[in-house]
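Please look through the sequence and the 3D structure shown below before reading on. The briefing that follows takes up helix pairs, single helices and a few single residues in turn.

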Amino acid sequence: MLEVNNFINGAFVPPQSGKFLENIGPASGKIIAKIPRSDKADVTIAIQSAKKAFESWSKTLIEERAELLNEIADQIESNSSELAELETLDTGKPINLSKSVDIPRAAKNFRFFASAIQQFSSEFNRTSEDVFNYTLRQPLGVVACISPWNLPIYLLSWKIAPALAAGNTVVAKPSELTPLTADYLAKLCHSAGIPDGVLNILHGLGGEVGQSLVEHSEVRAISFTGGTKTGKQISQSTAGSFKKLSLELGGKNANIIFSDCDIDNAVKTSVRSSFTNQGQICLCGSRIFIQEDMYGRFKEKFIDLVEALKEGDPKEDSTQIGALISREHLKKVSGYVKLAKEEGGTVLTGGQRIDLNGYFFQPTVIEGLNHQCRTNQEEIFGPVVTLTPFKDEPEVIEYANSTKYGLSASIWTTDLNKAHRVSAKIEAGVIWVNCWLVRDLRTPFGGLKESGVGREGGYDSLSFFTEKKNICINIGP
């Protein structure tokens, strides 16, 4: 049984109430840890700590903040094996994914923003011979970073790193379903020498500690990644307080396969974009649209590769499909497969729970559904994809844009003009052409419609975590 505590003002402390939650391992269905059930009292103490620390941290030289972030990155890399094991234990994802993606990306996030903040220059404008303007970018104060369960340390570090680099102090809340790497990260930050109160990590339920954090008057900005329903609640809760919000929410992403594409590359990458992390990535291409004259060939090749995926124990290096995050989520995914059948869909492969301890579900491919049915409109967030044929560009653009979401899309074609035309018309914040999940941390990331508000990444993150102040100087007589 692992022990997790809150990290407040440089110390690991139990919740004020003395109440704890059980943390269940997805691959075993058994309790692996107990975590604090924090509440408003813990939030108040953490924010007071962060507010006090802001006075000195905000005045720290940028080079010193960058040095600390690089030291945290060093600590992550030195403890990568332990972090990967904890991430897999906590999420049920394959260990190779934790080792190759989640943990390296966490270190890269800190290292990237350590560099980026040193390039984040001010603006200068000469208005006349005697008048000039310059712009300061100043940290906000105490900010809240709320991260989800699917990419726990990956996305927590994506928020914490730019917030700290910009000179803010942070109160972070990881998902109560995946607290282990957040707890370990707090220990590494402490070892790296982060000043007391600059980073605080609270564990607990979203409706309790998360809501209290969102509503607190001293919190100047909220960076949230999670479900659209929760994002709406945060937006409503903060409407009267004018806090800065960055909301990266749900997705129902289109994967568009034109008949002139490199079919082998499209099939191979589409299997990745469908089932990586058991489909529990907001960027997964869950709606696959295939041009009619390629539909049969693509389907055959795609099914063959899906059925070759190795399901099983996430701790095994050869495992490609691990466990879903919880019993409740397994029930949700199963329910959508049942719904798809009721809506007239045919399950081509998968569709069943895997006979293992824990919350395992087969990679599932469904065809025969209308693009406007619930299965094709609602976010399943699991290893379930649909195949739908289309005739031409106008039709597939209509299909792709038919949902309330607009996070990402992939387009497969060797026609460069077509790629540009279709990319410009797809209602999504991120478009990949002949690839998927190729990330450059300098580029803006975020969604349209109900997939979110704002952008993160590069200078967009640093702009979000700072406030611009223009100063106009008259040097004339």
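**Helices that cross, and residues in loops**

Helix α2 passes helix α6 in a right-handed crossing, where a crossing is called right-handed if the near helix is turned clockwise from the far one by less than a right angle, and left-handed if anticlockwise. The model is a predicted one, in which local features need pLDDT of at least 70 and side-chain atom pairs count only at pLDDT 80 or more, while totals for chains, interfaces and linings use all residues. Residues are numbered from 1 along each chain as its sequence is written, and side-chain values use heavy atoms, with hydrogens and water left out. Helices (H or I, at least four residues) and strands (E, at least two) are DSSP runs, numbered from the N terminus.

**The pair α2 and α6**

- Two packed helices are described by the angle between their axes and the distance between the axes.
- The axes of α2 and α6 come within 9 Å and cross at roughly 130°; such axes are lines fitted to C-alpha atoms, for helices over the stretch in contact, with angles that run from 0 to 180 degrees between N-to-C directions.
- The two helices α2 and α6 are therefore oblique to each other, since angles under 35 degrees count as roughly parallel, over 145 as roughly antiparallel, 65 to 115 as roughly perpendicular and the rest as oblique.
- On the α2 side the contact (heavy atoms within 4.5 Å) is made by Leu68, Glu71, Ile72, Gln75 and Ile76, and on the α6 side by Leu185, Leu188, Cys189, Ser191 and Ala192.
- Sorted by class, this contact of α2 with α6 has seven nonpolar, two polar and one charged residues, where Ala, Val, Leu, Ile, Met, Phe, Trp, Tyr, Cys and Pro count as nonpolar, Asp, Glu, Lys and Arg as charged, and the others, Gly among them, as polar.

**Helix α2 by itself**

- The 17 residues of α2 (residues 62-78) should span 24 Å at 1.5 Å a residue, and the end C-alpha atoms are 24 Å apart, which agrees; the expected span is 1.5 Å times one less than the number of residues.

- Helix α9 (residues 263-275) and helix α10 (residues 295-307) have axes that come within 10 Å and cross at roughly 50°, and that makes α9 oblique to α10.
- The crossing of α9 and α10 is right-handed.
- Among the residues that make the contact are Ile263, Val267 and Val271 of α9, together with Phe298, Phe302 and Leu305 of α10.
- By class, the contact of α9 with α10 has nine nonpolar, two polar and four charged residues.

- Helix α9 has 13 residues and reaches 18 Å from its first C-alpha to its last, close to the 18 Å expected at 1.5 Å a residue.
- The buried residues of α9 pack against β13 (254-257), β14 (287-291), α10, β16 (364-367), β17 (384-390) and β19 (408-412).
- In α11, the buried residues are His329, Leu330, Val333, Tyr336, Val337, Leu339 and Ala340, and the buried residues of this helix pack against β15 (346-349), β16, α12 and β17.

**Backbone angles with a positive phi**

- Most residues other than glycine have a negative phi, and most peptide bonds are trans.
- Phe242, in the loop between α8 and β12, has a positive phi near 60° although this residue is not glycine, and at 73% relative accessibility Phe242 counts as exposed.
- Phe381, in the loop between α12 (374-377) and β17, also has a positive phi of about 60°, but at 15% relative accessibility Phe381 counts as buried.
- Just after α9, Asn277 takes a positive phi of about 60°, and just after α11, Gly344 takes a positive phi of about 100°.

**Two alanines**

- Ala33 lies in strand β5 (residues 31-36) and is buried, with a relative accessible area of 0%.
- Ala239 is found in the loop between α8 (228-237) and β12 (244-248), and at 54% relative accessibility Ala239 counts as exposed.

Methods:
Buried < 20%, exposed > 50% of the residue type's maximum accessible area, 1.4 Å probe, protein only.
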